[in-house]
Amino acid sequence: MCTLEKRGNIFLLTLTGTDEHRLHPNLIDSVRDALRRVRSEDTSSSCALITTAQGKFFSNGYDLKWALVDRDRQQLMSRKLRRLVSDLISLPMPTIAAVTGHASAAGFVFALCHDYILMRKDRGFLYMSELDIGYPIPIWFSALVRCRLGPPAVWREVVLKAAKVTAEMGVRMGIVDSAHSGVEETVEAAIKLGEELVSRNWDGKVYAGCRKTLYGELLNSLGSDETVGDYGDEDAKKALSKL
């Protein structure tokens, strides 16, 4: 489901395979296990984490076909993703998402939980699809949007217009830090950025503490997801028909 490789002081976490990398609990568990291994490494010197993915997708969001079967599955999936978000926010090093394919809904959220987003410009988009599929956006998603997406005009474009944001659009909107011509170029740029950040030799615990302060509103909202269980059978069928 994912691999973890260490190149010097850079950890490279890759979602493997050519599927949509839907955020099923099993994939989330695999990523969280990789982050635990990152934490267990000797990080007395400065390090950075890069997350990327194989195939056409970075992540196409929640595995709704699995989750909308019943409320228990929705609760489990939401709880695990919120824990993954908390893991990333508290990770004691800079984090970079090298987005080399589509990142939709919760997949977009997953990318946004990294400090930097680098993106390929020849394929893929960032897309908050909830409005288009009729799925309510939880409070904690909106807290992340406010933390990461700058002025309200950008929030409106992303959430209330469900814009499909390309790499170059994302740079103009301040969502994406840089756009690159292909997969290899995007990952190479992420590694270069990671090495630049590592060279600052920051204290990881202090770095994580600063990040947690900036994301205080998000962290305070992660205890629950008020949208879980709102769907009846007909709501679920409508949402699934639009996937």
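The legends below describe close-up views of a predicted model, in which local features need pLDDT of at least 70, side-chain atom pairs count only at pLDDT 80 or more, and totals for chains, interfaces and linings use all residues. Residues are numbered from 1 along each chain as its sequence is written, and side-chain values use heavy atoms, with hydrogens and water left out.

View 1. A search of the whole structure finds 1 cavity of 30 Å³ or more, a cavity being a set of points on a 1 Å grid over the protein atoms alone where a 1.4 Å probe fits but cannot get out. The largest cavity holds about 40 Å³ of space, the volume being that filled by probe spheres set on the points, which are joined across faces, edges and corners.

**View 2. The salt bridge between Glu41 and Lys6.** In this salt bridge (a side-chain nitrogen of Lys or Arg within 4 Å of a carboxyl oxygen of Asp or Glu), the closest N and O atoms of Glu41 and Lys6 are 3.9 Å apart. The pair links distant parts of the chain, 35 residues apart, with Lys6 in strand 1 and Glu41 in the loop between helix 1 and strand 3; helices (H or I, at least four residues) and strands (E, at least two) are DSSP runs, numbered from the N terminus.

**View 3. The salt bridge between Arg22 and Glu20.** The closest N and O atoms of Arg22 and Glu20 lie 2.9 Å apart.

Terms used: On a 1 Å grid over the protein atoms alone, a cavity is a set of points where a 1.4 Å probe fits but cannot get out, and a pocket is an open set with protein on both sides within 12 Å along at least five of seven lines; lining residues have an atom within 4 Å of a point.
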